[in-house]
Amino acid sequence: MSKDDIVTSAIHAGLWLVATPIGNLEDLSPRGAAVLRAAKVICCEDTRHSGSLLKRIGASPERLIVANEHTEHDAIESVLSYLSTGAVVALISDAGTPAISDPGERLVRATINAGYTVHSTPGPAAFVMAIAMSGLPTARIAFDGFLPRSGSERRERLTEVARERRTTVLYEAPHRLEKTLVDLADVCGNDRLVVLARELTKLHEDMWRGTLGDAVIHSRTVEPRGEYALVIAPVTAESVDVTDDDIRTELASRTSAGISKRSAVDEVTAALGVSRKRVYAISVTV
Ligand code: SAM
């Protein structure tokens, strides 16, 4: 440890992003707890949910502001006025790192734009641990949050995941897990590796590793419960074994299901990991 690594314990004025546990309550850092105790104002998604955490650590701010997806915009004005008085304002979400698939992004931007400082006490973020524990490549990663639930936006994002050369991590609700795995297997192919990181840091923590094809079967055999992060292996460049007939079959199965030729070309390119040019050339002959 160098002199530069020695952190100050001072809690300066500004907006503090405080990461809170994603399951195990012991995962709140001592510095995070100190900031919450020192904060004049704490923004949270749900006062009841965060109230028990704050009580547990003896934090009693002068004011709790609800900043959820509906109220974040209104919270900004109050927060900026507290920051103008030199207050310590903390932002927490129900679990994990604020502003990561949780409210906070707009508040952070407004704070920066108004010239105040954003600080942090880092800690749990489900996607980081899911990737780190997955055993899949970690050098380059793509965090894609929650996929759109339906429509062309979902299809486009799935196609992007299928083509992605970085390891991708997604969040998904348990009741939509099977559908998402089916859709992923459709665009990425049954053989793509996936890791289902379930209930990290909790009693029923589980890391399931296998192919997307097997993951679909797995999601049908066990009732998916709890919180899931999905880690998907990158597409591999070696798709030399793919024959023109394979491409023709994949194209035909999509176009006969009503998918446009253009989308079918995109999907097959991604699913088989071959060049778009090659798929396109074959598509004009079928
Ligand atoms: N801000 C949070 C973070 O830093 O990870 C994410 C909040 S997002 C609304 C909630 C989603 O995160 C869940 O639906 C699930 O996909 C994922 N998640 C949260 N806690 C988890 C856990 N303990 N294990 C696995 N995934 C988790």
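So, Val195: on one side, its bridge partner in β9 is Arg209, and in β10 the bridge partner of Val195 is Val231. Quick housekeeping: this is a predicted model, where local features need pLDDT of at least 70, side-chain atom pairs count only at pLDDT 80 or more, and totals for chains, interfaces and linings use all residues. Residues are numbered from 1 along each chain as its sequence is written, and side-chain values use heavy atoms, with hydrogens and water left out.

Back to the strands, which are DSSP runs of E, at least two residues, numbered from the N terminus. Strands count as paired if DSSP finds at least two bridges between them. β8 (193-198) and β9 (206-211) run antiparallel, with six bridges. β8 also pairs with β10 (residues 228-232), again antiparallel, over five bridges. How enclosed is β8 by the rest of the structure? Largely, because five of its six residues are buried, meaning under 20% relative accessible area, where exposed is over 50% and partly exposed is in between (1.4 Å probe, protein chains only).

Okay, the loop between β8 and β9. Glu199 sits there, and its phi is positive, about 55°, although it is not a glycine. Glu199 counts as buried, at 13% relative accessibility. Thr201 is in the β8 to β9 loop too, with a positive phi near 70°, and that's not a glycine either. Thr201 is partly exposed, with a relative accessible area of 27%.

Last one: Thr168, in strand β7 (residues 167-172). Thr168 is buried at 3%. Leaving aside residues up to four places away in sequence, Thr168 touches Ala142, Asp144, Val161, Leu230, Val231 and Ile232, with contact meaning heavy atoms within 4.5 Å.

Key: Helix = DSSP H or I, 4+ residues; strand = E, 2+ residues; numbered from the N terminus.
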